[in-house]
Structures are given as structure tokens and as C-alpha cells.
Amino acid sequence: MMSATETKLGKLYGLGIGPGDPELLTLKAHRILTTVPVIAYPCMENGKVLARAIVADYIQAHQIEIPMPLPFSVERSSQPYYDLAAAKIISHLQIGQDVAVLCEGEPMLYGSFMYLFQRLAGQFPTEVVPGISSTLACADMLGVPLTFRDDVLTMIPATLKIEDLRIKLAGIDAAIILKLGRHFPKVYQVLAELGLLERAHYIEYATQPTQQIRPIREITAETVPYWSLIVIPSRGLDQNP
């Protein structure tokens, strides 16, 4: 039994908020988002933040906000930044305040929340709320079925070395390549080598107002953002059911 001097710990929520369209927020995520006293979200060091922008219309003036600056750079470790963010979140959880951490897409699929989950889930009550991942929403936006029957879907970060990309993409049924950004040229090279360009579809900022779908052969490498994907749908598109 809790003593009179003990404070009930707050609950940590990993809130999947979807790929960008606010209407793709789940009912459960909306309920938690609009009732928790504290909201935390990742942002770039320059202050630019996508996660908060997605749900900005639902955030209320009385809610406490914790921006979590992250370097978003392979040259610099993000671990000290997560340590600092975890410490700020702990200060609220310890006094009984629930905290919802916003995470674009699905928290447990390449999500930033995973690193806070590793640090905090063993110390505080924690719940992860699933979200729609851009890796899957992009297929809907493109209008291309990803898989048929016994197809295997492969998800590949473009950050891999070029030789690893060749291995991962060789003989695929269907694939999604994410985190393109400055890695687009080497991905394009591998797709050309493997004869996959004709099957490849390019999309950036899926479901967001800035969404663009362009022929992959017309993409200029310098304009490719981090929030872009290449979808290689199943060969089943060419087969009869």
C-alpha cells in the first residue's frame, strides 16, 4: 500500500501520431494527447519540429511541452540528447504527471521513442500506442499494392553501405527504402544495377500537404529530403489472381 508521503508515478506514453495527415491520428492517440498534462516531442536543433506540427491543433495552452532537440546526423551520437530528454521527462513522471511522447509514424518501427522506451520503461508505467507508419501509408498514396499471397516485404534503410544495399535488394519480392536524403545517389545506382528502376516509385512527405510523387528518373539528388521513400511493389501486379 502506498504511504501518505509517497507520490504515485506518472505514466509514460509512446504516442504514434501517424505519417503527417492529422486525420490519420487514432482515436486512442487523440484521447491521450488531449488529456495528458505533459507532451514531449523530438525537434531539430534549429527548432524545426514535425511531430508537434502534425497535432498542433489538438495541443492545449495549459499542457506543459518538452521539446527534445536531436542532431539527426550520422556524424554525431544522439545518445546524450536522449539522456537529457529522459531526465526532463523523469522530473515530471516522478511527481505523478503523465507524459505523452509524440512519435511520427509507428513508435516501434524506426521510431525515436524506442530510445526513451529503453531508458524509462523499466522505471515507470509505460504504454505504447500504435500509429500508422509512413512506410505503409506511402503505398496507399502511390496506389500500388505492396504484397500478394506469399510475397516477402523488405524494409531497408538507405543509410546502409552500398555493398549491403546490393545484397539486401537482390532477389526481393517487394521493398521499401527509407531515410533517403543524401543517400539517394547510391540507392539509385544500386537500383539501376539490379534492373529495379522500372519497378521503383518515389514519394516524399507522404500524406502531408507537401507530399510529392515524382518519376524516380527525374529526381535531382540535391532535392531529396530525409522524409522520402522508394517503394518497389510486388511483381504480383503483373500476375493474374
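A residue is called buried when its relative accessible area is under 20%, exposed when it is over 50%, and partly exposed in between (1.4 Å probe, protein chains only). By this scale Tyr110 is partly exposed, because its relative accessible area is 38%. The model is predicted: local features need pLDDT of at least 70, side-chain atom pairs count only at pLDDT 80 or more, and totals for chains, interfaces and linings use all residues. Residues are numbered from 1 along each chain as its sequence is written, and side-chain values use heavy atoms, with hydrogens and water left out.

Helices (H or I, at least four residues) and strands (E, at least two) are DSSP runs, numbered from the N terminus. Two strands pair if DSSP finds at least two bridges between them. Strand 8 (residues 201–204) and strand 9 run antiparallel and are joined by 3 bridges. Tyr202 has Arg214 in strand 9 as its bridge partner.

Contact means heavy atoms within 4.5 Å.

Helix 7 has the buried residues Phe184, Lys186, Val187, Val190 and Leu191. Seen down the helix axis, they fall within an arc of 165°, so they line one face of helix 7. The arc is that of the directions from the helix axis to the C-beta atoms. An α-helix has 3.6 residues a turn, so residues three or four places apart point the same way. The buried residues of helix 7 pack against helix 6, strand 7, strand 8 and strand 10. Just after helix 7 comes Gly195, with a positive phi of about 70°.

Helix 5 (residues 134–142) also has buried residues: Thr135, Ala137, Cys138, Ala139 and Leu142. Their cover includes strand 6, strand 7, strand 8, strand 9 and strand 10. Gly143 follows helix 5 and has a positive phi, near 75°.

A nonpolar core is a set of buried Ala, Val, Leu, Ile, Met, Phe, Trp, Tyr and Cys residues joined through side-chain atoms within 4.5 Å. The largest such core has 21 residues. Within this core, Leu169, Ile177, Leu180, Leu191, Ile230 and Ile232 touch the most other members. Helix 6, strand 7, helix 7 and strand 10 each give two or more residues to it. Helix 7 gives the largest share, 4 residues. Leaving aside neighbours within four places in sequence, Leu169 contacts Ile156, Ala175, Ile177, Val190, Leu191, Leu194, Leu196 and Ile232. Another core, of 19 residues, lies apart from the largest one. Among its members are Ile66, Leu70, Phe113 and Leu116.

Rings of Phe, Tyr and Trp (its six-membered ring) pair if their centres lie within 6.5 Å; planes under 30 degrees apart count as stacked, over 60 as edge-to-face and the rest as tilted. The count by this rule is 5 aromatic pairs. The rings of Tyr82 and Tyr115 have centres 5.0 Å apart and planes at 35°, so this pair is tilted. Tyr82 is in helix 3 (residues 79–93) and Tyr115 in helix 4 (residues 113–120), 33 residues apart, and the pair links distant parts of the chain. Tyr82 is buried, at 4% relative accessible area, whereas Tyr115 is partly exposed, at 31%. Tyr226 and Trp227 form an edge-to-face pair, 5.1 Å centre to centre with 90° between the planes. One aromatic cluster is made up of Phe184, Tyr188 and Tyr202.

Most residues other than glycine have a negative phi, and most peptide bonds are trans. Tyr110, which is not a glycine, has a positive phi of about 55°. Tyr110 sits in the loop between strand 4 (99–103) and helix 4. Tyr205 also has a positive phi, near 50°. The loop between strand 8 and strand 9 holds Tyr205, which is partly exposed, at 22% relative accessibility.
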